[in-house]
Amino acid sequence: MAGWMWIFIGFLSVQRGLELVIAKQNERWMLQQGAVERGQRHYKLFIAVHILFFIALIAETSWRNDQAMTLNLVLFTLFIIVQLLRVWCITALGRFWNTKIIVLPGVSLIQKGPYKYVKHPNYIVVALEFIIIPLLFGAYYTAFLFPMLHFLLLKVRIPQEERALTTAK
């Protein structure tokens, strides 16, 4: 694997780790305010898919053993745009952003930032990442498989999230 790829994977790992820290802080705060968690059973599948994504990415890239691969600037630019969308999603929800389904009864849905235009923008961001990141590495199997797994998880997640948000009003 080319050196820039390891730096890229390191960046993604640190980013995801920081997001989990933010999510845990937000979870604690919300639970202290009386929030309720829903959809716990499928959450482990989300964690598994995200971990397997990194494993598949590294495995497929190592299997190809393309030491001379160059950075595709178009895909990298798309990646940067998607990361800006990710940050926009997180900052728009503020303390309500989380990786779990946690709702605070009596609080209105956030309708600012990307949530003003799209109901679940963070899921779109993840879907785009599951395509763009592997394509940056030339990991075509990973780019094909993980968006499909993400879609299958969302078929469970979104209805549960919608129910939780509707009953929290």
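Arg16, His50, Phe53, Phe54, Glu129 and Phe130 line the largest cavity in this structure. A cavity here is a set of points on a 1 Å grid over the protein atoms alone where a 1.4 Å probe fits but cannot get out, and lining residues have an atom within 4 Å of a point.

Before going on, some ground rules. The model is predicted, so local features need pLDDT of at least 70 and side-chain atom pairs count only at pLDDT 80 or more, while totals for chains, interfaces and linings use all residues. Residues are numbered from 1 along each chain as its sequence is written, and side-chain values use heavy atoms, with hydrogens and water left out.

Back to the cavity. Its volume is about 30 Å³, where a volume is the space filled by probe spheres set on the points, joined across faces, edges and corners. Searching the whole structure finds one cavity of 30 Å³ or more. Helix H2 gives the most to this lining, with three residues. Helices are DSSP runs of H or I with at least four residues, strands are runs of E with at least two, and both are numbered from the N terminus.

Next, the largest pocket, which has a volume of about 1100 Å³. A pocket is an open set of points with protein on both sides within 12 Å along at least five of seven lines. The lining has 43 residues, and Trp97, Asn98, Thr99, Asn122 and Arg157 lie nearest the centre. Among the elements that each supply at least two lining residues are H1 (3–32), H4 (121–137) and H5 (140–167).

Two of those helices deserve a look. How many of the 17 residues of H4 are buried? Twelve are, so H4 is largely enclosed by the rest of the structure. Buried means under 20% relative accessible area with a 1.4 Å probe, protein chains only. The buried residues include Asn122, as well as Glu129 and Phe130. They pack against H1, H2, H3 and H5. After H4 comes Gly138, with a positive phi near 75 degrees.

H5 bends by about 35 degrees at Leu154, the bend being the angle between axes fitted to the seven residues ending there and the seven starting there. Leu154 is one of the buried residues of H5, and Arg157 is another. The cover over the buried residues of H5 includes strand S1 (36–38), H2, S2 and H4.

Notes: Buried < 20%, exposed > 50% of the residue type's maximum accessible area, 1.4 Å probe, protein only. Contact = heavy atoms within 4.5 Å.
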